[in-house]
Amino acid sequence: MTPTLSGRIQTRLALTLTVGVVVTLMVTPFLPYNTYFSRTRHQALPGAYLITFASLGLVAAVGVVWELIYHGLQQLRWDKDWPSPLGILTGLNESIVVYVMIRWFGPRPHWTGMPPSAFLLHFYAVWLAVFFTANGPMRVLLIRWRYRGGRIV
Amino acid sequence: MNPARIYTLVRISGGNDVAGSMLGGGSGTSDVIVDLPSELNRRVTWTDLEVSRSGLIVRDVPLVTVGGGIGSFALIDSLRIGGVSVAAVAAVGTDECPWDSITRLARASQLGDDDRLRSDSSSTPGNIWGFPSYALREAWKRRSLAPVVNVLTEPIITDFWTPRLSQVMDEMRREADRINWWAVFDRGRVELIRERDEGGYFILVRRCDTDTRVVYRSRWVHVAVGYSAIRMLPDLQSYRERTGDAERVVNAYESHDHVYESLARRPGSVLVRGSGVVASRILERLIDDRDEKGLDTRVHHLFRTYVGGSRGPSIMLRRPGADGWANQAFNWPKSCWGGELKQRLERLDPEGRMELLGVLGGTTTPPRKSWQDQLVRAREGGWYQELIGTVVDVRPSGDGRVSTNIIDHDGAKSELVSDFVIDCTGLEPAIESHPLFADMLAHAGIERNPLGRLDVTESFEVLGARSGDGRIYASGAATLGGPYAAVDSFQGLQYAALRIADDLAEQGFGHRIGVRRSLRQWVRWVRDRPPEPAGRNEAVAP
């Protein structure tokens, strides 16, 4: 799929809100976090979900800004396409920005005892799931999606 | 300028054109080419009564697709997946299989079954979803991650991964069996399409096996007949007509193995004309033969337009190029299939489309590293020479070879004598050179776009062709110049098929392929099970 601007934004929001939510729900309980502030892992779980969902929300929201930048870069390409290597690279810059924002503005990670590795594991689990859904199964579910530059509606 | 006047036609032998035998001979009007009862022959519109009186066998099928190639196949595939039964559709063409024509052209232009096409991994004519892609399937079959890694790193680190001809054919054969294409297909030549007085159309077919005629009475017609002929450069055609020599001057799309055989027996020189993907492949073959058989073939390559670097109207629209070639992975910029450029083209008016197509189109070749490396070596070796200019004339040289007189951009003349000339410039796109279109233009009142091809809507309906509640659709090369650029490609044909199927579903023919149907049908594809039989609510046209 070679995205248009609206297709990028729609696909990102749709996939983070579906695939992203499912992966977050599934992955969070298994992330490494210590129980310094809670007596059991079970009690620490709500705090962990707070962090992972905040990070997912940032992936979606900040992502819209990223999409504007990617779209601008895409204009420099003759084919007006967005090859996989570029798509893979974007995981790097996005993870850094989301992590910094979580540290500065999000719920204090030390409240829940979540180390950076937990954040990264969650981020890349979501990111890979979204990447692979967009690079295959989406074409099966929405047969016109690839002809519409990723637009869903 | 009218392209038909510049180029001369050579018939594609046994091609999937509907009336190939008329090429070069027929005047293009129905009155001349078909020996029908005169009352039918004279009329633009036929009535049921006239047809039944004529004694012709009539078959009622709601939709007939004309061509029987990949365009027809793609439409039948979409419709069958949309729940249309085999009894409600027919496909007519002269080739035995939908992939015969492309295979023939590929083989002539030196692409074997195991060679790779210029086609994207997810352009899969045997799978309307494009998933799993060819690369994934090859990875699975070979138990190797290499194709997947290639797809994930292309085209920045690696060249685009492209499928082998055999993979595409095998998958189409599987899909043809699955959807029961063979029950839909009627091998024959469509001679005429006539409007039916009561609405819809009559399609007159001469069957290949029995040489008998049958008339289809249909509400919808789909025309996907491909190219009418091989296009030969006018100076080469004129040489052939004057000398009768079709041995030393050949077109890359014709079978021309004798050239390579002769060069293997005795050292010789070849002039290659053209700078598209076919020229690239012919050069590769010549160089491979030199390497593998230790030949001493000398190659001259004539560029009419030499592309020295990136070119385009603005920094945002500049196509890469180097060493004479305009570089592009596929025959259109990639986003023409479904991204930004597709959207931009759709939103433009006809004049704007012409302008944008002018920028986006043109002869290009994929910048494959192996090809580029070969040419670097060839230049260094001194046995590959690039020439720039236009040809004044081509004539036999004194020693029985071919002499090409060239004038360069500064007006300097030169003569080049070679053993062979290979024309790699292309296929005939002018629709009026196809007898069926010529007849439709004369009788059906169809409209043409500014490029001179069929004027179609975004649903690929041919404008000006409605007959009562009947509609004519078209896909493929004949529709270039409209809202979609990549019409002449696997995925372009699939896109057209999907749009047409959607339009038909709106008229009550088949179902629109929504999320549930798509998923269910995909699972059936994976399990190699036929599409579900028609649903209860399926409305089949009268």
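Predicted model: local features only at pLDDT ≥ 70, side-chain atom pairs only at ≥ 80, totals over all residues.
Visitor: OK. At what angle do α3(A) and α8(B) pack?
Guide: The angle between α3(A) and α8(B) is about 75°, and their axes are 5 Å apart. The two helices are therefore roughly perpendicular to each other.

Visitor: Which residues of α3(A) and α8(B) meet there?
Guide: From α3(A) come A:Ser84, A:Pro85 and A:Ile88, and from α8(B) come B:Val151, B:Leu152 and B:Thr153.

Visitor: And the whole contact, how many residues does each chain put in?
Guide: Chain A gives 26 residues and chain B gives 32. On the side of chain A that touches chain B, α3 (84-105) and α6 (137-141) each supply at least two residues.

Visitor: Which element has the largest share of that side of chain A?
Guide: That is α6(A), with 4 residues.

Visitor: How confident is the predictor about chain A? What is its mean pLDDT?
Guide: The mean is 90, and 90% of the residues of chain A reach 70 or more. Among the elements of the chain, helix α1(A), residues 5-27, has the highest mean pLDDT at 97. The lowest, 59, belongs to helix α4(A), residues 109-112.

Visitor: Switching to chain B. Which domains does the assignment give?
Guide: The domain assignment of chain B lists domain 1 as 3-105 + 168-229 + 429-526, domain 2 as 115-165, and domain 3 as 234-308 + 365-423.

Visitor: How far apart are the centres of domain 2 and domain 3 of chain B?
Guide: Their C-alpha centres lie 32 Å apart.

Visitor: Now the sheets. What is the strand order in the open sheet of 5 strands?
Guide: The order is β11-β22-β12-β13-β18 in chain B, with parallel pairing. At its edges are β11 (249-251) and β18 (384-388), each pairing on one side only. From one strand to the next, the twist averages 20°.

Visitor: How many bridges join β13 to β18 in chain B?
Guide: There are 5, and the two strands run parallel. One pair you can find is B:His301, whose bridge partner in β18(B) is B:Glu386.

Visitor: Which helix lies across β12, β13 and β22 of chain B?
Guide: Helix α13(B), residues 277-293, running at about 165° to β12(B).

Visitor: How does α13(B) pack with α16(B), at what angle?
Guide: At about 60°, with the axes 10 Å apart; α16(B) covers residues 369-381. That angle makes α13(B) oblique to α16(B). The crossing is left-handed. In the contact, B:Ser280, B:Glu284 and B:Ile287 of α13(B) meet B:Trp371, B:Gln374 and B:Ala378 of α16(B).

Visitor: What about the open sheet of 3 strands, what order does it have?
Guide: It runs β19-β20-β21 in chain B, with antiparallel pairing. Here β19 (390-396) and β21 (413-418) stand at the edges with a single partner strand each, so one side of each has no neighbour in the sheet. Neighbouring strands are turned by 20° against each other on average, direction ignored.

Visitor: And which residues stand opposite each other, starting with B:Thr404?
Guide: B:Thr404 is opposite B:Leu416 in β21(B), and 6 bridges join β20(B) to β21(B). On the β19(B) side, pairing with β20(B) also goes over 6 bridges, and B:Pro396 stands opposite B:Val402.

Visitor: How many residues are between the strands in the hairpin of β19(B) and β20(B)?
Guide: There are 5, and in this hairpin B:Gly400 takes a positive phi near 80°.

Visitor: Which residue other than glycine has a positive phi?
Guide: B:Asp323 has one, near 55°. B:Asp323 sits in the loop between β16 (321-322) and β17 (325-326) of chain B. As background, most residues other than glycine have a negative phi, and most peptide bonds are trans.

Visitor: Then where is the cis peptide bond with omega of about -5°?
Guide: Between B:Phe131 and B:Pro132, with B:Pro132 in the loop between α6 (100-108) and α7 (134-142) of chain B. Another cis bond goes from B:Glu154 to B:Pro155, with omega near -15°. B:Pro155 is in the loop between α8 (146-153) and α9 (165-178) of chain B.

Terms used:
Residues numbered from 1 in each chain as written. Chains lettered and ligands numbered in written order. Domains from an automatic or database assignment. Pairing = 2+ DSSP bridges. Axes fitted to C-alpha atoms, helices over the stretch in contact; angles between N-to-C directions. Contact = placed C-beta atoms within 7 Å. pLDDT = per-residue confidence, 0-100. Parallel < 35°, antiparallel > 145°, perpendicular 65-115°, else oblique. Left-handed = near helix turned anticlockwise from the far one by under 90°.
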